[in-house]
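Have the viewer open and follow along.

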Amino acid sequence: MSTDTDSTVRPASAGPPVRTDRFAGLIRYDLPASIVVFLVALPLSLGIAVASDAPITAGLIAAAVGGILSGLLGGAPLQVTGPAAGLTVVVAEVIHEFGWKTACFITVAAGLLQIVFGLSRIARSALAIAPVVVHAMLAGIGVTIALQQVHVLLGGASHSSAWENLTELPGQLLELRGGDVVIGLVVIGIMLAWRYLPGPVRAVPGPLVAVLVATALAVVVPGDPARIAIDGSLFDAIGLPHLPAGDWDGVLMAVLTVALIASVESLLSAVAVDKMHSGARTDFDRELIGQGVANTASGLLGGLPVTGVIVRSATNVQAGARSRASAVLHGVWILVFSVALVGVVEQIPKAALAGLLIVIGIQLVKLAHIRTARRTGDLAVYATTILGVVFLNLLEGVLLGLVLAFALLLWRVVRVQVHAAALGPAGRWLVTVDGTCTFLALPRLTYRLAAVPAGADAQVQLTVDFLDHAATEALHDWARQHESTGGTVEFVELGTARMSRALAGPPRRGRARGLLDGLLAPRGARPPAVRGGDGATITTGVAEYHRGHAHLVRPHLDDLRDGQDPDSFFLTCADSRIVPNVITSSGPGDLFTVRNVGNLVPADGRDTSVEAALTFAVDKLSVRNIVVCGHSACGAMQALLAGTRPPGALGDWLAHAEPALERHRAGHPVALAAAAAGFHEADQLSMVNVAVQVEALYRHPTVRRASTTRELEVSGLFFDIATARVLHITPTGIAEIPDPAPEPARV
């Protein structure tokens with residue numbers, strides 16, 4: 001008898017194993033979620049078909065095909081696909097210009113183009129469109145839909161352009177039909193109030209409730225409100241598309257427009273849905289292929305174009321969906337409803353769908369997006385795009401927004417601010433250059449530099465992230481000319497771009513970590529243009545310091561010009577890989593540093609150098625801390641372990657470390673802790689040596705005497721070079737340096 005407790009069940013007949021937990025998850029999560037999404041998608045699909053001036057059945061076909069095919073093949077498991085409000089304006093224009101059957105051909109071609117996009121693996125490039133343009137595009141679509149459907153709500157018919165819908169609105173108000181208005185306003189009221197109702201009530205989709213109430217109200221409202229009309233069954237509506245009779249340029253532009261908008265909206269929706277759950281992330285290329293297959297099939301069957309829809313997708317996630325089964329099942333439910341209950345659709349008043357679409361359109365205009373555009377300086381791009389979409393057409397509006405966004409970006413990127421001003425009565429001048437300094441900045445740059453009087457002392461501060469050879473030559477030429485008049489020029493490079501690199505090769509944008517790398521990177525790891533030629537590393541480094549870092553240190557050193565007040569006496573090894581101020585995040589004046597081979601404190605004052613430094617730090621400078629810092633891969637400790645002390649002065653010096661070697665061999669607790677942590681023997685000895693030197697310092701007469709009159713702490717550190725981590729050495733072991741406790745909140 002098997003004791004396997006896995007949920008895999010193998011039936012007697014041949015076949016692959018079936019996981020019962022998968023079926024349980026489908027029944028428990030995906031099936032209920034699919035029903036909720038179906039109830040939301042049904043009225044939206046009908047309303048979008050009406051707004052597009054397409055056959056009603058086209059919305060149902062698109063919802064069923066999009067849900068099933070994109071759900072099966074797409075790369076976003078929890079995204080739900082169907083006819084979308086974002087395509088309504090485009091589809092309406094296409095139908096008006098080419099007719100319904102040719103619009104279906106355009107949908108097929110757009111789907112094939114989406115498949116090409118997915119196979120070309122360019123999906124992520126579609127996300128490079130400025131978000132402000134996308135937000136404004138959707139807002140423009142929302143305004144256009146609302147203007148159209150206001151006429152339907154008032155009992156009339158929408159016009160072909162937003163301008164006509166706007167100018168004809170006063171006349172439509174004079175001819176409104178009371179029954180349609182009441183029904184539309186009831187739907188709008190329910191949709192707007194639904195979010196404020198208790199949670200159990202909101203579990204039922206608001207659009208479904210609004211349409212059901214409006215349908216019931218249409219029975220009792222006088223005036224016989226206009227209802228949806230369907231000619232024949234769903235199967236009667238299925239038919240092959242027609243090839244265009246002409247104007248292939250317009251057809252190709254329509255194909256490209258539908259493909260791009262459907263792709264971008266699907267990808268942006270997928271990104272938003274990914275943020276709502278912790279499951280599998282979207283495969284963007286596969287998502288485009290799935291969307292393309294769904295659009296191709298929808299167009300062949302007589303359906304609207306489809307895209308990933310954030311409203312349905314968000315509903316899917318919030319309803320608890322766990323897999324793509326929910327999206328597929330929602331399409332199945334729409335198909336079943338469209339075949340078996342098509343008569344129910346004909347009872348829905350047009351004003352109900354108009355009210356639904358007005359709310360959807362208004363909700364596409366988000367105040368948060370407008371505030372963000374205003375805060376980031378993109379309000380002009382937002383306004384231009386939305387006006388273009390509403391009063392021109394969607395493609396022209398988006399292109400206008402993209403052109404303005406690119407122009408604004410170019411202006412922000414290439415602009416540079418140059419200022420020149422005298423500093424006090426001494427005649428010293430400060431020239432600041434901030435931004436991206438290229439040949440485009442030469443007129444402004446030379447104009448400001450010319451303002452510096454001949455013979456004056458000048459400092460040029462360059463806070464730039466890009467510096468080309470033209471700007472560099474202009475600065476050097478001006479500096480030579482100015483110095484020839486008796487003046488002085490000091491260049492201070494605050495930004496990440498460097499003058500020394502501008503003439504060494506093609507200009508490159510400075511890296512954000514350039515300053516830090518310049519301070520910390522060993523010279524051998526730097527580019528030749530930065531480290532200078534052979535034999536010139538120190539002088540080149542000094543020159544780089546003067547240009548790039550002296551200005552950072554100067555204010556701190558100016559405060560210390562009358563004396564030092566270090567916090568700590570820091571004894572460490574002479575090893576060149578240890579940079580005390582870096583590993584302790586300290587600056588000038590913080591550490592009184594002593595370095596020797598092996599970070600040793602010879603007993604009984606046998607080394608006058610260490611004795612003098614310790615006495616001066618403790619008695620004269622009154623340091624509060626004494627720190628001994630060892631490190632990994634220490635050559636002194638390796639020599640001790642190998643028993644090969646070199647002859648001469650170095651061997652005599654290492655004799656001072658013999659007590660640490662004896663304690664290590666005797667099983668010092670620090671050695672045991674280091675071994676347990678995975679350190680090899682030489683590093684274990686280095687840690688024991690730190691502990692032994694700390695003990696020696698505690699016994700030192702100068703330290704003992706100072707401890708009787710004030711607080712003085714002695715501690716040990718170990719720097720692991722391979723990981724750049726610093727460990728605390730205690731008398732009994734090693735420990736991580738804890739983060740300081742956060743300050744208590746102030747009320």
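The report below goes from the overall build to aromatic contacts and then to a surface patch.

**Overall build**

Please keep in mind that this is a predicted model. The protein has 35 helices and 14 strands. Its C-alpha trace spans about 110 × 95 × 55 Å along the principal axes. The radius of gyration is 38 Å, whereas a compact globule of 747 residues would have one near 27 Å. Of the 747 residues, 46% are buried.

**Aromatic contacts**

How many aromatic pairs does the structure hold? There are six aromatic pairs, and two of them deserve a visit.

Start with Trp163 and Phe391, an edge-to-face pair with 6.0 Å from centre to centre and 65° between the planes. An angle over 60 degrees is what counts as edge-to-face. Trp163 belongs to helix H6 (residues 162-167) and Phe391 to helix H19 (residues 379-391), so this contact ties together parts that are 228 residues apart in sequence. Trp163 counts as exposed because its relative accessibility is 54%, while Phe391, at 39%, counts as partly exposed.

Next, turn to Phe592 and Phe616. Their ring centres are 5.8 Å apart and their planes meet at 40°, so the pair is tilted. Here a strand meets a helix: Phe592 lies in strand E10 (residues 591-596) and Phe616 in helix H29 (residues 608-620), so the pair ties together parts that are 24 residues apart in sequence. With a relative accessibility of 16%, Phe592 counts as buried, whereas Phe616 is partly exposed at 38%.

| Residue | Relative accessibility | Class |
|---|---|---|
| Trp163 | 54% | exposed |
| Phe391 | 39% | partly exposed |
| Phe592 | 16% | buried |
| Phe616 | 38% | partly exposed |
| Leu300 | 37% | partly exposed |

A ring can also meet a charge: Arg322 lies over the face of Tyr29, at 3.8 Å from the ring centre.

**A nonpolar patch**

Which residues make the nonpolar surface patch of about 610 Å²? Phe235, Ile238, Leu240, Leu300, Leu301, Leu335 and Val339 do. Helix H13 (284-301) and helix H15 (325-340) each supply at least two residues of this patch. Leu300 is a handy place to look, as a residue of helix H13 that is partly exposed at 37% relative accessibility.

Note on methods. Residues numbered from 1 in each chain as written. Predicted model: local features only at pLDDT ≥ 70, side-chain atom pairs only at ≥ 80, totals over all residues. Heavy atoms only, no water. Phe/Tyr/Trp six-rings, centres within 6.5 Å; stacked < 30°, edge-to-face > 60°. Helix = DSSP H or I, 4+ residues; strand = E, 2+ residues; numbered from the N terminus. Buried < 20%, exposed > 50% of the residue type's maximum accessible area, 1.4 Å probe, protein only. Lys NZ or Arg CZ within 6 Å of the ring centre and 35° of its normal. Patch = residues over 30% accessible without salt bridge, like charges linked within 9 Å, V, L, I, M, F, W, Y side chains within 5 Å. Areas by Shrake-Rupley, 256 points an atom, 1.4 Å probe, with all protein chains shown as cover. Salt bridge = Lys/Arg side-chain N within 4 Å of Asp/Glu carboxyl O. Rg over C-alpha atoms; globule rule 2.2 N^0.38 Å.
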